[in-house]
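Visitor: Would you take a close look at one part of this model and then show how the rest is arranged around it?

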Amino acid sequence: YIAKTPEHRPKLITDAEFRLYWSGQRTPPGHATGLALATAFDKRFFHWFLEFPEIIERDGFDCILGNPPYLGDKQLSGTYGHPFCGYVKWEYAPTGLSDLVVYFLRRIYNLLRPGGFTAFITTNSIKDGDIRKDGLEQVLAQGGAINFAVRGIKWPGRANLVVALVSIHKGEWPGKRVLDGREVPVISAYFEDSTDAGEPKDLPENSSSIYQGSVTLGDGFLLSPSEASEMIGADNRNCEVVFPIINGAELNGRPDQTPGRWVISFFDWNIEKARSYSIPFSHVASTVQRERQAINDNERYKGAKEKWWLFIWPRPELYTKVRPLRHCFVAARTTKHLNFSASPTNYVFTDAIYVFTTDRWDLYSVVQSTLHEVWARKYSGALETRLRYSPSDCFETFPFPESLWQTPNPALAALGEHYHEHRRALMRQLWLGLTDIYNLFHTRDLNPALVAKVSKKPAEEAEAGYKGLLELRRLHRELDEALLAAYGWTGAVALGHGFHELETLPENDRVRYTISPDARKEVLRRLLALNHERAAAQVEVQAEGGR
């Protein structure tokens with residue numbers, strides 16, 4: 001926390017010097033101690049070794065209980081500053097910058113004596129993505145053992161949180177292990193009762209196929225439909241820079257999945273080209289330019305003030321890829337139910353949406369399948385009770401059926417398109433968005449009366465909607481079975497579609513119409529093995545090319 005500047009040089013205490021003070025070989029200088037005490041008072045930090053020397057002397061605490069704080073990586077530098085971020089990455093290497101809870105977990109574990117315990121309450125994201133890799137996996141790699149865990153409990157307070165409970169023993173654990181109230185042989189960093197064959201690897205064939213939407217950084221880019229119509233009416237050439245813009249809430253919530261707003265986008269153009277569209281440019285100049293000058297300078301928004309007429313992240317490569325297509329496929333970044341939908345390619349997509357840059361229905365079938373969903377739920381993160389889809393973790397690692405990228409599968413394509421169009425018609429028939437449709441889809445005691453209640457449709461239309469939902473379930477089973485056949489696993493895996501509990505969801509909302517728990521484990525095992533096989537083959541190809 002003390003700046004490493006020339007004027008502070010005599011007052012800086014290195015770790016090596018501190019150990020000399022600690023062992024009594026040297027007396028701390030007053031001016032250095034004074035600055036350290038003043039900084040400690042100002043920053044309110046806490047030094048375990050100074051506060052509990054007798055505990056540290058006997059190798060640490062017997063037990064530490066707690067509710068560690070959590071704060072995402074993008075907020076860490078803004079809250080605690082870059083020096084803090086640099087320190088924790090150094091102190092806990094190879095840990096990255098994932099979440100504050102990771103560093104508390106690692107620190108707690110280090111403060112335990114061999115044979116000691118820690119038990120804490122945390123968010124259910126402790127087992128997800130980089131938080132898991134940087135936290136629990138590092139602790140287990142150091143010889144720790146999880147002996148108790150509960151994957152998901154709705155927080156009893158007012159906060160909309162799902163929390164996890166976990167207990168860790170420092171060292172090998174010979175006793176019983178309990179996961180969600182059941183005795184199990186092992187508890188992994190994923191909070192599963194079996195150990196994996198390792199992490200999935202990136203597959204080059206999947207790269208550059210899915211993109212996050214744009215970040216505008218300026219409300220002045222946005223237009224109402226009437227403003228957009230007036231702007232295009234004044235000069236038809238403005239339709240080249242004025243587009244509908246859709247976000248995740250509209251994608252999941254609107255029955256017709258249409259945008260409610262428009263946006264001015266100058267892509268990655270220089271200011272001279274942007275200025276040639278005089279009315280849109282004047283609008284952005286009078287609104288966004290002022291907004292941009294008011295933001296604080298930081299690495300995340302680098303160049304925002306200088307290139308104020310552009311989105312901070314315009315994603316030109318995304319729009320270059322989708323514009324020639326008949327349609328593309330989009331999914332909400334944070335969603336209760338993972339679904340991809342066909343979308344027009346003349347939209348601008350916000351960063352709350354991921355865009356699969358293909359118009360092939362056989363590839364749609366793969367990402368819409370339960371096989372891809374269970375992979376995504378394991379290897380992506382979560383926000384509260386919702387999936388936080390992370391392409392780098394669950395798309396770029398997902399092994400598509402052999403050669404599907406190169407050779408289309410007409411049967412899968414026909415089924416995927418039929419599934420999607422049936423769902424689209426059902427949404428419009430009941431006038432319900434994706435989330436409402438799949439809430440009904442996953443309802444165990446579905447009946448026409450419930451459909452009527454949710455859709456507010458008369459009995460006859462609700463009855464038709466009820467039958468349509470049953471047909472959607474049938475189509476989903478058919479899609480999953482067809483994908484299983486594309487992998488060559490028919491007969492080897494019984495998917496067992498039905499109403500099953502997803503243990504990672506809170507107790508009051510964990511039943512889903514999905515494949516059985518045994519099928520889920522077997523599918524994940526096979527997909528991971530296939531991922532490793534493909535990754536190893538790619539390494540061999542690269543090695544041959546280097547010879």
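**A covered helix and its surroundings**

Guide: H15 is mostly covered, with 8 of its 8 residues buried. Buried here means under 20% relative accessible area, whereas exposed means over 50% and partly exposed lies in between (1.4 Å probe, protein chains only). The buried residues of H15 are Trp361, Asp362, Leu363, Tyr364, Ser365, Val366, Val367 and Gln368. The model is predicted: local features need pLDDT of at least 70 and side-chain atom pairs count only at pLDDT 80 or more, while totals for chains, interfaces and linings use all residues. Residues are numbered from 1 along each chain as its sequence is written, and side-chain values use heavy atoms, with hydrogens and water left out.

For the chain as a whole, there are 22 helices and 19 strands; these are DSSP runs numbered from the N terminus, helices (H or I) of at least four residues and strands (E) of at least two. Buried residues account for 48% of the 547 residues, and the C-alpha trace spans about 85 × 65 × 60 Å along its principal axes.

H15 contributes to the largest nonpolar core, which has 62 residues. Such a core is a set of buried Ala, Val, Leu, Ile, Met, Phe, Trp, Tyr and Cys residues joined through side-chain atoms within 4.5 Å. Inside the largest core, the residues with the most contacts are Phe340, Phe356, Tyr389, Phe400 and Ile437. At least two residues of this core come from each of strand E11 (328–332), strand E15 (353–356), helix H15 (361–368), helix H16 (370–379), H18, H19, helix H21 (459–487) and helix H22 (517–546). H21 supplies the largest share, 9 residues.

Leaving aside residues up to four places away in sequence, Phe356 touches Ser209, Ile210, Cys328, Phe329, Phe340, Leu363, Val367, Phe395, Phe400 and Trp405, where contact means heavy atoms within 4.5 Å. Of these partners, Leu363 and Val367 are among the buried residues of H15.

Two strands pair if DSSP finds at least two bridges between them. E7 and E15 run antiparallel and are joined by 3 bridges; Gln212 stands opposite Tyr354 in E15.

Helix H18 (residues 410–430) and helix H19 (residues 434–441) meet at an angle of about 100 degrees, with their axes 10 Å apart. Axes are lines fitted to C-alpha atoms, for helices over the stretch in contact, and angles run from 0 to 180 degrees between N-to-C directions. H18 is therefore roughly perpendicular to H19; angles of 65 to 115 degrees fall in that class, those under 35 count as roughly parallel, those over 145 as roughly antiparallel and the rest as oblique. H18 makes the contact through Tyr419, Arg423, Leu426, Met427 and Leu430, and H19 through Leu434, Ile437 and Tyr438. By class, this contact has 7 nonpolar, no polar and 1 charged residues. Nonpolar covers Ala, Val, Leu, Ile, Met, Phe, Trp, Tyr, Cys and Pro; charged covers Asp, Glu, Lys and Arg; the others, Gly among them, are polar.

A second open sheet has 4 strands in the order E8-E10-E9-E14, with mixed pairing. Its edge strands are strand E8 (222–223) and strand E14 (348–349), each pairing on one side only. Strand E9 (residues 242–246) runs parallel to E14, joined by 2 bridges, and Ile246 stands opposite Phe349 in E14. Across E8, E9 and strand E10 (261–264) lies helix H13 (residues 278–293), which runs at about 95 degrees to E10.
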